Protein chains: 2
Amino acid sequence: MRTMAQVRQALSSLSGFPEWLPAGHIVEQHFVDILRRTFELHGFSGIQTRAVEPLSELTKKGETSKEVYLLSRLQADPADAESETDPRKQLGLHFDLTVPFARYVVDNAGLLTFPFKRYQIQKVWRGERPQEGRFREFIQADIDIVGDGTLPLHHDVEVPLIMHEALSALPVPAVTIHVSNRKVAQGFYQSIGIDTDRLIEVLRVVDKLDKIGPEKVAAELTQSVGISAQQAAQALRLATITGTDGQDVSDEVLRALAGAEPTELLNEGLAELTALLEATGRRRPGAVIADLKIARGLDYYTGTVYESFMAGHEDLGSVCSGGRYDSLATNGKRTFPGVGISIGLSRLLARVIGEGLVEVSRSVPTAVLVAVTDEAHRCASDAIADALRARGISADVAPSAAKFGKQIKAADKRSIPFVWFPGGDGAPDSVKDIRSGEQVEADAATWQPPTADAAPRITVSPAAACSPAGGQDGCEVDSAS
Amino acid sequence: MRTMAQVRQALSSLSGFPEWLPAGHIVEQHFVDILRRTFELHGFSGIQTRAVEPLSELTKKGETSKEVYLLSRLQADPADAESETDPRKQLGLHFDLTVPFARYVVDNAGLLTFPFKRYQIQKVWRGERPQEGRFREFIQADIDIVGDGTLPLHHDVEVPLIMHEALSALPVPAVTIHVSNRKVAQGFYQSIGIDTDRLIEVLRVVDKLDKIGPEKVAAELTQSVGISAQQAAQALRLATITGTDGQDVSDEVLRALAGAEPTELLNEGLAELTALLEATGRRRPGAVIADLKIARGLDYYTGTVYESFMAGHEDLGSVCSGGRYDSLATNGKRTFPGVGISIGLSRLLARVIGEGLVEVSRSVPTAVLVAVTDEAHRCASDAIADALRARGISADVAPSAAKFGKQIKAADKRSIPFVWFPGGDGAPDSVKDIRSGEQVEADAATWQPPTADAAPRITVSPAAACSPAGGQDGCEVDSAS
């Protein structure tokens, strides 16, 4: 079993743009395969959107504009120069998959069937200063459901449960999905008399609670946003409410009003949150917990919001986030409300690979290296390899007809488990398990490797499974598909 | 069976940046899966490189600089402004996968095992004016083998054979790989007395033969490049030589010298080309043909070069190209010679999808839509769907508890073959094949759909199979993996 130590060294020669060695890529591909399989089992269609969007599309909802990478052509025609200052023509790399998806839905509304369920696993780019766990280029894996005009609440239930199922199938510590509802927060602030035009600002400041702590949040709420100390204290009290029982959570929120009358928006939010908790608790107990400090920075969320934390790795922040957006996708006439959730896959992988939480049995797909007796007989080795491949066994042929000891070493260096020796002159072929040294006669038309050796195996490393940071809960040994 | 007509409408709202509808993405994913499987069967490791490279890296070999998209940050710090004019710091999107791979090999040389075989399926970008079949963003699928210091010729044989095997597994017309050797062309020009400093220029002009025809090539060779009319005629004669027998091809090249003495480089090139043709002809007859007009525009090729043409679709140009590059990957001290070949996957897909050469049985992964009796019993339908998914059957639950007729219509609109009706109150469940109308009792714990209905099926459309453009040769019906 090969540890990932070697892999960890190889992040990137360009800060913020991670790259994996082949063993790391096997882990990444394994994660992607599991996500894809889970999403497809639930009837989600895969799509890819182009990497670029007009700047006007990317900055439509404000706030994120500072993160955008703009494109220009190294040798642009002078005629194109003016288009580069027109935000409808100026192109930028997408910084998430939700904004491009909303645009895709509007572009293709007449050709899609609603509700439309899609998954999308793609790179995104953000021109931020890179820091630990923050990349400038990274893979996101998103699922979203959009309706035409309306979208029932049961989809707000479906989305986190599917993501939780997918995350539970990965060889990572247990993940819990935390939910809140924008309507609860906004309705609560309304109820205690905070002006409507300050709501978004309050949400943004409260969202920093985990980062800067309650004192600084309170100070910022009173000093910068300008709400009263009592209102700030109530907002902070709301933010401390957590629980899995919808009725209990709802009761606590109402108590935190300290006698103020709940607005219609608050009641609507509490009804949604309670229904969500009831359904998720029944279908997947322990997967979802209410956590009313969750607000999400992005402007486009209008109801349920999600964040997710990995046991023992809470310092990583949310590994998987999203929410309900009722008015992001619109062409003016029709609106397509949506709900979705997104894994920051590269960040999760950087932690899993960087801390050696998983091991991979070899860094190549190859199960068998076919030895070459001499260059004149390379064709015999090629024929053996082709016979193995025809039955789905990954095989490579030794690069040179060196002494067999050297050829075995070449296999061992790549952790290829088997070396095949052509017989020739009527003698039978033989195959050697280079781990045990056992060598047996074999026929390339019928021999099979043990199932466990067919493909590189990804396992939770023993160290990770025993450490407090490891996942005794959700982190079972998992084999490559 | 759903034709791809609907899919064809949906290229993109931004010229040169293609996007597929879900049915088109199923075809794309099917192609990617087949390529990946073939490459892994041959022991190639998957990697991904970052999308960006320093401009100095991208323009190292010149010529392609006009195609590069540069990046800038929308709100860059003034401190960063100077770095944006330094080509070692200025970033651009990669325009192929060979240059980034060479950089990756040099970056990680100490951590890789040589010869290193890798495949890479990724998007690339070129800031060209878009035209039919030319995109600004497209997917390439590459395989390459690099050695440390040396790389034997048998890898020049291996690479086109693997790609031919992969292309033959795709539901597309037969592809033939055309090969030549830079040493043959350069050695031939040397032998007939063309100056060394004009060789690259001659190669470039001859490369346009298919586009502009022999008269214009001859005129350009004599007038712009400045070689004699006889030299131009000989260069054109070389370019017409094709064949699958190495000895015949070699003899014809020597005859075209018209008495001139072959240089060492020409003899070396002919020996390589002959050995290549002998091995490919034996291992995969008909896959590879010598075609001495192939030159490839890029400067980094030093020996064998490949282009490939699809039967009936020669107008598309080469669908798959590459060659040997002995000095692209170097850190000054060590050099890593390589050989590789690359499919322009998006261009191939645009033709296959655009001309309706394939059909896909449905646009969603879903095999079963579970009906909902009423919203109060949605949980029963969720449980049925979960039981099906647990056994690998893709299932979705009806979005609303409409009348059953309407729910069946919702399945039909997506070409989902089965609708499941929960029994309830002790009555058994039943499942209806909505194509035949047949409905039978069923248990979600044991029922299986026919294998052919488990996943969307991709087939060669009957029209394509019968038309002259279709592939009676290599274009068999293929089912989704």
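## A buried leucine in chain B

B:Leu97 is buried, with a relative accessible area of 0%. The model is predicted. In chain B, B:Leu97 sits in the loop that links strand E4 (91–93) to helix H5 (98–107).

Which residues does B:Leu97 touch, leaving aside its neighbours within four places in sequence? The contacts are B:Arg118, B:Gln120, B:Gln122, B:Val124, B:Gln140 and B:Asp142. B:Arg391 is 294 residues away from B:Leu97 along the chain, and the C-alpha atoms of the two are separated by 39 Å.

## How the two chains are related

## The interface

Chain A gives 88 residues to the contact, and chain B gives 89 residues. The size of an interface is often given as the accessible area lost when the parts come together. Here chain A and chain B bury about 7,300 Å² between them. Carbon and sulfur atoms hold 53% of that area.

How many salt bridges are there between chain A and chain B? The count is 10. A salt bridge joins A:Glu19 to B:Arg103, with the closest N and O atoms 2.7 Å apart.

## Cysteines

Over all chains, the count of disulfides is zero, taking a pair of sulfur atoms within 2.5 Å as the rule. A:Cys379 is partly exposed, with a relative accessible area of 35%. B:Cys379 is also partly exposed, with a relative accessible area of 35%.

## Helix H9 of chain A

Helix H9 of chain A covers residues 229–239. Its buried residues are A:Gln231, A:Ala232, A:Gln234, A:Ala235, A:Leu236, A:Leu238 and A:Ala239. An α-helix has 3.6 residues a turn, so residues three or four places apart point the same way.

## An annotated span

An unreviewed UniProt entry carries the annotation "domain: Anticodon-binding" for residues 368–424 of chain A. In the model, this span of chain A is 40% helix and 18% strand. The end C-alpha atoms of residues 368–424 lie 18 Å apart.

Key: Residues numbered from 1 in each chain as written. Chains lettered and ligands numbered in written order. Predicted model: local features only at pLDDT ≥ 70, side-chain atom pairs only at ≥ 80, totals over all residues. Heavy atoms only, no water. Buried < 20%, exposed > 50% of the residue type's maximum accessible area, 1.4 Å probe, protein only. Helix = DSSP H or I, 4+ residues; strand = E, 2+ residues; numbered from the N terminus. UniProt positions renumbered as here; feature names shortened; annotations may be inferred. Contact = heavy atoms within 4.5 Å. Buried area = accessible area lost by both parts, 1.4 Å probe. Salt bridge = Lys/Arg side-chain N within 4 Å of Asp/Glu carboxyl O.
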